[in-house]
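Please read it with the sequence and the structure side by side.

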Amino acid sequence: MTYQSGHPRQAITGWVGWVWFAGIILIMVGIFNIVSGLYAIVNSDLYVQTPSRLLLFNLAGWGWIHLIFGALLLATGIALSVGQTWARAVAVVLVVINAITQLIWLAVNPWWSLVIIAVDVLVLYAIVVHGREAQTLSE
C-alpha cells in the first residue's frame, strides 16, 4: 500500500474496470433515451396498441421526460468514468430507477428485463463497493 500525504491509498483491483463499465453503460443508456425522447417529441401523434386495449400516450410529454433523463444518464456516466465522487451517488439512484422500471416491464419482456436487472445489480455492486478505486486513479 502506498502512502500519499500521510494517508494510506486504497489498493486498486480489477473491479475498477467494472466502474468504468458502469459509466459506459450509463452513457449508452443516456444516448438511447435521448434518441427515443427526440423521436417521441417529433412523432407525438402516435397510438400504441396493446393486447387488451388501444392506449393514447402523450408521447411529446414522455419524450421530454426521456430526453431529460437521458441527458442526466449521459452526464452521470461521463462523470463516473472520470472518477467524480458525486456521480457515484447519482448513478446509484439512476440505476435503481432503471431496475425498478425493468421490474415493471418484466411481464412484457421477461428475459431482457431479467438480464438488465442482473447487469444493474453488477453495476450497483461495482459503484458502491469499488467506486472509490476509480476516484483513486483520477487523482
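1. Start with Ile100, which lies in helix H3; helices here are DSSP runs of H or I with at least four residues, strands are runs of E with at least two, and both are numbered from the N terminus. Ile100 is partly exposed, because its relative accessible area is 47%. On this scale, buried means under 20% relative accessible area, exposed means over 50%, and partly exposed is in between (1.4 Å probe, protein chains only). Ile100 and Ser113 are 13 residues apart in sequence, and their C-alpha atoms are 9.9 Å apart in space.

2. A word on the source: this is a predicted model, in which local features need pLDDT of at least 70 and side-chain atom pairs count only at pLDDT 80 or more, while totals for chains, interfaces and linings use all residues. Residues are numbered from 1 along each chain as its sequence is written, and side-chain values use heavy atoms, with hydrogens and water left out.

3. Thr101 is also found in helix H3. Its relative accessible area is 32%, so Thr101 is partly exposed. From Thr101 to Ile117 there are 16 residues in sequence and 9.4 Å in space, C-alpha to C-alpha.

4. Tyr125 has its place in helix H4. With a relative accessible area of 39%, Tyr125 is partly exposed. The C-alpha atoms of Tyr125 and Val19 are separated by 9.1 Å, although the two residues are 106 residues apart along the chain.

5. As for the overall layout, the protein has four helices and four strands. From the N terminus on, the order of elements is β-β-α-β-β-α-α-α. Of contacts (heavy atoms within 4.5 Å) between residues at least 6 apart in sequence, 65% join residues at least 24 apart.

6. Helix H1 has 27 residues and reaches 39 Å from its first C-alpha to its last, close to the 39 Å expected at 1.5 Å a residue. The expected span is 1.5 Å times one less than the number of residues. Among the buried residues of H1 are Val16, Ala22, Leu26 and Ala40.

7. Which residues touch the most other members of the largest nonpolar core? In this core of 13 residues, they are Ala22, Leu26, Leu80, Ala91, Val123 and Ile127. At least two residues of the core come from each of H1, helix H2 (59–81), helix H3 (85–104) and helix H4 (110–138). H3 gives the most, with four residues. A nonpolar core is a set of buried Ala, Val, Leu, Ile, Met, Phe, Trp, Tyr and Cys residues joined through side-chain atoms within 4.5 Å. Leaving aside residues up to four places away in sequence, Val123 touches Phe21, Ala22 and Val95.

8. Phe32 sits in helix H1 (residues 16–42) and is exposed, because its relative accessible area is 55%.
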